[in-house]
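Me: Can you walk me through this structure? I'd like to begin with a loop and then move on to the contacts.
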Amino acid sequence: MSKPIALIVEDDPRLSDIFSETVRSAGYEIEVIADGRQAMGRLVEIEPALVVLDLHLPHVMGQEVLAYIRQQERLQKTRVMLATADAGLAASLEKQSDLVLLKPISVGQLRALASRLRPDEA
Amino acid sequence: MTTAKKEQSFYDRFSWEKTRPTNLRKRTKIIITLAAFVLYIAAFPVILVNLGPAGSALVIMPVGVTARIWGLRAGIIAGVISAPLNILLFNLAGNPITFRGGISGVVTVIILGAVIGWLSELLERIYQQSQELAAARDQAMEANRLKSVMLSRVSHELRTPLGAVLGYAELLAEGTYGSVNEKQCEKLNGIVSSAHELEALVSDLLDMSRIESGRMQLFPKPFAIMALVDSVMAQTAVSAQEKNLQFTCTVWPDMPPTVVGDPVRINQILSNLVTNAVKYTDEGNVHVEIRPESEQRWSMKVTDTGVGIPPGSQPYIFEPFRQAHVDDSYARSGIGLGLSIVYELVTLMRGGITVNSGVGQGSSFTVTLPLTAINTEDIV
């Protein structure tokens, strides 16, 4: 059985590397995108099970990507984990997302939460 | 666009600044001064008939106008000119005035001209100083706003590299990039705990900048009070254990299990108070008490048997960057933001905070918050 896909949308290459490594170890296949607009284009193509989403992104902000995910019929099952340093903005998006993680994010915590959100675990 | 331009030019032409007497153009000032004198000369026969010789006191009108527009020196000159003018006008009207009357008139008009001129200049100086003060105040407020914005941006930007330090150290310690020995793992965990300390500092700076710039927002929702208290106790239990402190908590049975508030910020308030209590207590105990104060309020009380706060420092402990024990042997690490953040958050929540402390007698901080209890079934 193929692994569920996790899309990491993060513009800092070091953080996307850490997130990829961690979420991969939680049993996902990883794809990384550093740009909000590109992420919106790719989302319906790969229909990821999990999106780890930064909010301050180039071109299109994370909250728009989140709104887009929630509008798409094909992405109904996609779980969204916000990963941001902007506590105020994150709190206002708490209801639309499945989880909010404030940077800096603990690897152990991210792995545990990503495992919990895996479709075969839910 | 045209309308906007017209409005702008109308406002410019009739702005308060330009129509203030001392700011009028020189030509306008001359015209007004001459007009005042001409008006007085022209009206003199009518004044004399209707008011008699006493009406000549109205000469103060052109003198006053001159003094108000031009200032002290012009006021005196106008007084000097108007006195013989008045005498001349009386003579022309066939009603000569006595020498004594003339002298007293001259002196009175000169004094009045001087007083009005002096008051006018004084008024001008006060006005200019108030303008300078307002400009300095605006400048200070703008500098403060920029400082808060800068602090917020810097704190925000610090979190990204801090996340990378923390993440890579954790992954390395876990052996993700190859096996590490016990000693290496210990050192990597040292990096992780230092990064967490740094994160707490950055968070405090970020919170303070949010508070100072008025951008701190609360997100109230129903939450279970016991879970919050447990989480705070668990966070601090290790530090308390390391110091062999008795670390206890009482939640009164009549405290509603679920209240409405911002759980993140209430956790921060309690956590800051408990962390401080443990930090400044070397032996004895730290006790947390949660209870309803009335039907409208509930309280969190943190009591310790620590070093206590000197009475002289108590009025300042809620100010940013202040610490009660900076220069003495009780000094502890930290930048002195914890209590001021607690104070500001409590104020934002329309609550109150009191402190009861004495040197060597420990401290007791009580935070009271508005109580909105809800039924557990109502929680979504």
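Reply: A:His59 sits in the loop between strand E3 (50-53) and helix H3 (62-71) of chain A, where helices (H or I, at least four residues) and strands (E, at least two) are DSSP runs numbered from the N terminus. This is a predicted model, in which local features need pLDDT of at least 70, side-chain atom pairs count only at pLDDT 80 or more, and totals for chains, interfaces and linings use all residues. Residues are numbered from 1 along each chain as its sequence is written, chains are lettered from A and ligands numbered from 1 in the order in which they are written, and side-chain values use heavy atoms, with hydrogens and water left out.

Me: What is the phi of A:His59? And is A:His59 buried or exposed?
Reply: The phi of A:His59 is positive, about 70°, although the residue is not a glycine. A:His59 counts as exposed because its relative accessibility is 58% (buried means under 20% relative accessible area, exposed over 50%, partly exposed in between, with a 1.4 Å probe and protein chains only).

Me: What about B:Asn244, where is it found?
Reply: B:Asn244 lies in the loop between helix H8 (225-242) and strand E2 (246-251) of chain B, and its phi, near 55°, is a positive value in a residue other than glycine. With 69% relative accessibility, B:Asn244 counts as exposed.

Me: Switching topic: how much area is buried between chain A and chain B?
Reply: The buried area is about 1700 Å², of which carbon and sulfur atoms give 62%; this is the accessible area (1.4 Å probe) that two parts lose on being put together, summed over both. In chain A, the residues that lose the most area to chain B are A:Ile18, A:Ala85 and A:Pro104, together 30% of what that side buries.

Me: Which peptide bond is cis?
Reply: A cis peptide bond joins A:Lys103 and A:Pro104, with omega about 0°, and A:Pro104 is found in the loop between strand E5 (99-102) and H5 of chain A.

Me: Back to the two chains: how many salt bridges are there between chain A and chain B?
Reply: There are 2 salt bridges between chain A and chain B, each a side-chain nitrogen of Lys or Arg within 4 Å of a carboxyl oxygen of Asp or Glu. A:Glu94 forms a salt bridge with B:Lys221, and the closest N and O atoms are 2.9 Å apart.

Me: Which elements of chain A give two or more residues to the side that touches chain B?
Reply: They are helix H1 (13-25), helix H4 (87-92) and helix H5 (107-116) of chain A, and H1(A) gives the most, with 6 residues.
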